[in-house]
Amino acid sequence: MKHTIKELEDIASQIRRDIVRMVHGCQSGHPGGSLGCADFFTALYFEVLNYNTDFKMDGVGEDLFFLSNGHISPVWYSTLAHAGFFNKSELATFRKLDSRLQGHPTTHEGLPGIRVASGSLGQGMSVAIGAALTKRLNGDKSYVFTLHGDGELQEGQNWEAAMFAPFHELDTLICSVDYNGQQIDGPTKKVLSLDSLQAKFEAFGWHVINTDGNDMQAIVEGLHYAKTLTGKGKPILNLMSTQMGAGVDYMMGSHKWHGTAPNDEQLAAALAQLPETLGDY
Amino acid sequence: MKKYTYTEKKDTRSGFGAGLHEAGKKNENVVALCADLVGSLKMDAFIKDFPERFTQVGIAEANMIGIAAGMTIGGKIPFTGTFANFSTGRVYDQIRQSVAYSNKNVKICASHAGLTLGEDGATHQILEDIGLMKMLPGMVVINPCDYNQTKAATLAIAEYEGPVYLRFGRPVIPVFTDPDQKFEIGKAWMVNEGTDVTIIATGHMVWKAIEAGEKLAELGIDAEIINIHTIKPLDDEAILKSVKKTGCVVTCEEHNKFGGLGESVARLLTTELPTPQEFVATNDTFGESGTPDQLMSKYGLDAVNIVEAAQKVIGRKK
């Protein structure tokens, strides 16, 4: 462990503060999924992922991460800033004119840490597969991680990719699903049920693990465990149960905060629950 | 009229296959992907010599485009291959976000473009792909005219850094360009110098423009013929220089007149040098089953149509 669980939880708390402040600052964006994945991002970037903050697009010898559900950009931007990819003061520009922090992540403005645009859903797994194939061709043994929304798995391209990765024995690929059961129009069970994602991915040939995505100890252990499963001929799927809005009581347990910004009063109520641990931007 | 002859007919897709094979020999970073159409795309030679650098994706074009975008990360130069319809319309959003907006060095190589796909009919005959692709910021769009030019274009795009759409076709057509030509992206080829009308043609229509030029010569009309193989970026300078001399223009393409080469030329001319223009192109229609020759005739894409358009546009000159 590079950090104690308490240290990681403190980082996650600051990232959550950043998320609600960023979304409040431009009165738009997606706080719900961002908050739900703050623990995952903290564990990934501060404990698991091997990367260089002197960013190079090709990422030779580094682990790569692709965010497929690009709308939770606030959590990624805050994580990248705290990890040292760019100055955290830039978080104040989120979704504003001339910013590198676009509403959805992009390479177009040259923000370090991002290797492909995402936002239009369902494309990240294919891109990650391509990156993993190139690593294989180059003899580069490092890992490729992804994150996907659960509602996003309604997009058909995911299943083209899900069929491809095990067939080609892409066993350096570790995909996580933000399994919060919510999407814009309501619970996934009511919009278009995903039924058993575990059974679906296992049927496609993946090694599926289940983790609690809002328990720092569990998610760190889960991602380390996922790494031990690599190199055995199967891609890994981490079904990570989370709460949309985790960390802010009034945002939890509902799809209502998928894409809604808090007002001044709601911001104060949120910040009161999230200790400032690393200093606000 | 300069005399053009040919000794053999070949398909442009075979020019792609030969170019891909040679590009693979020149640069080990060149990789290829295909969505279950290896034979149609003429990828066999590449696959035989570089099996580890070829990925069979199966019938999953969206996944193929995403994988190609990802493969650029780490330095590969992916060439994707499928029919033009499945290379563009079917995967437009994947190209838009993962390739064009992300500025990935992917070469989208599309065979069986246009009516000359023939008997399979309209589901497979895309006549909208040039428009779709040229509207994407940063996308280079190339539609070569014969086997040799397609081979040269394939080699050229391997050396160009950035997303490219390369459009070619199924039927065998005359091979009339130089086998050792140097292909310059964005540089028009002067096929014949003339003074009365500028005929601008792309793809399979270039040979038909040459046939039309010969007929026009018999009628006493001296046609300048320009091959625009690169629709984007357009060679503005070559077009303006020619049109200043001739005062009228006919554009020829195996594509819908909405969104194609003709509209790109019209956009240039309306802003720089308003000029009478006629379009030899399909007229906002789908295709149908038939032989390539029957279809080109029925939809007005023959040499005779170019001759008529040239006569008409000359009559419109002030």
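Q: What makes α1(B) mostly covered?
A: A residue is buried if 20 or more other C-beta atoms, placed from the backbone, lie within 10 Å of its own; it is exposed if 12 or fewer do, and partly exposed in between. In α1(B), 11 of its 15 residues are buried. Among them are B:Phe16, B:Leu20 and B:His21. This is a predicted model, in which local features need pLDDT of at least 70, side-chain atom pairs count only at pLDDT 80 or more, and totals for chains, interfaces and linings use all residues. Residues are numbered from 1 along each chain as its sequence is written, while chains are lettered from A and ligands numbered from 1 in the order in which they are written.

Q: Why is the span of helix α1 of chain B called close to the expected one?
A: The expected span is 1.5 Å times one less than the number of residues. Helix α1 (residues 12-26) of chain B has 15 residues, and 21 Å is expected. Its first and last C-alpha atoms are 21 Å apart.

Q: How many residues of chain B are in contact with chain A?
A: Contact needs C-beta atoms, placed from the backbone, within 7 Å. By that rule, 23 residues of chain B are in contact with 30 residues of chain A. α4(B) gives the most to this side of chain B, with eight residues.

Q: What are the two domains of chain B?
A: They are domain 1 (9-174) and domain 2 (189-315), with bounds from an automatic or database domain assignment. Their centres, taken over C-alpha atoms, are 25 Å apart. Their contact takes 27 residues from domain 1 of chain B and 29 residues from domain 2 of chain B.

Note on methods:
Two residues are in contact if their C-beta atoms, placed from the backbone, lie within 7 Å. Helices (H or I, at least four residues) and strands (E, at least two) are DSSP runs, numbered from the N terminus.
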